[in-house]
Amino acid sequence: WGVRLSAYLFVRILKTGKDERFDSFDRGFSLSFAGFWLSQAVWVFVVSLPIILVNSSCDSNPQVGVPELVGLFFFGVGLLLE
């Protein structure tokens, strides 16, 4: 998915020569432009936080329970829908 999106955006910029999403922002440093990128960084951190917490567990012998199976089910549904 990430490769497909990147290729689409790259081809679009090659055709138009610019990215219209950033036309309203100042090309130099500005608080609105910094806020745009900072909000994306915070969003990525918040979305990845559950995985970070699970992977930081010190349990050397983790058990697969109902929450893990529910998560695996939703992962499979999302993958199929994609």
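Arg4 is exposed, with a relative accessible area of 53%; exposed means over 50%, buried under 20% and partly exposed in between, with a 1.4 Å probe and protein chains only. This is a predicted model, in which local features need pLDDT of at least 70 and side-chain atom pairs count only at pLDDT 80 or more, while totals for chains, interfaces and linings use all residues. Residues are numbered from 1 along each chain as its sequence is written, and side-chain values use heavy atoms, with hydrogens and water left out.

**Overall form**

The chain has 3 helices and 0 strands, in the order α-α-α from the N terminus. Helices (H or I, at least four residues) and strands (E, at least two) are DSSP runs, numbered from the N terminus. The radius of gyration is 19 Å, well over the 12 Å that the globule rule gives for 82 residues, so the chain is more spread out than a compact globule. That radius is taken over C-alpha atoms, and the rule is 2.2 Å times the number of residues to the power 0.38. Along the principal axes, the C-alpha atoms fill a box of roughly 50 × 30 × 15 Å. Of the 82 residues, 5% count as buried.

**Helix 1 and the residues after it**

Helix 1 covers residues 2-16; at 1.5 Å a residue its 15 residues should span 21 Å, and the end C-alpha atoms are 21 Å apart, which agrees. The expected span is 1.5 Å times one less than the number of residues. Gly17 follows helix 1 and has a positive phi, near 85 degrees.

| Residue pair | Separation in sequence | C-alpha to C-alpha distance |
|---|---|---|
| Arg4 and Gly17 | 13 residues | 19 Å |
| Ala7 and Asp19 | 12 residues | 14 Å |
| Ser6 and Asp59 | 53 residues | 37 Å |

Asp59 belongs to the loop between helix 2 and helix 3. Its relative accessible area is 46%, which makes Asp59 partly exposed.

**Helix 3**

The 16 residues of helix 3 should span 22 Å at 1.5 Å a residue, and the end C-alpha atoms are 23 Å apart, which agrees. Of those 16 residues the number buried is 0, so helix 3 lies largely in the open.

**Aromatic pairs**

A pair of aromatic rings is described by the distance of the centres and the angle of the planes. Rings of Phe, Tyr and Trp (its six-membered ring) pair if their centres lie within 6.5 Å; planes under 30 degrees apart count as stacked, over 60 as edge-to-face and the rest as tilted. The structure holds 2 such pairs. The rings of Phe36 and Trp37 have centres 5.2 Å apart and planes at 80 degrees, so this pair is edge-to-face. Phe73 and Phe74 also form an edge-to-face pair, at 5.5 Å centre to centre and with 65 degrees between the planes.

As to accessibility, Phe36 is partly exposed, with a relative accessible area of 26%, and Trp37 is partly exposed at 41%. Both Phe73 and Phe74 are exposed.

**The largest pocket**

The largest pocket has a volume of about 170 Å³. Helix 2 (31-55) and helix 3 (66-81) are the elements that give two or more residues to its lining. The lining residues are Ile51, Val54, Pro67, Glu68 and Gly71. Helix 3 gives the most, with 3 residues. By type, the lining divides into 3 nonpolar, 1 polar and 1 charged, where Ala, Val, Leu, Ile, Met, Phe, Trp, Tyr, Cys and Pro count as nonpolar, Asp, Glu, Lys and Arg as charged, and the others, Gly among them, as polar.

On a 1 Å grid over the protein atoms alone, a pocket is an open set of points where a 1.4 Å probe fits, with protein on both sides within 12 Å along at least five of seven lines; lining residues have an atom within 4 Å of a point. Grid points are joined across faces, edges and corners, and the volume is the space filled by probe spheres set on the points.
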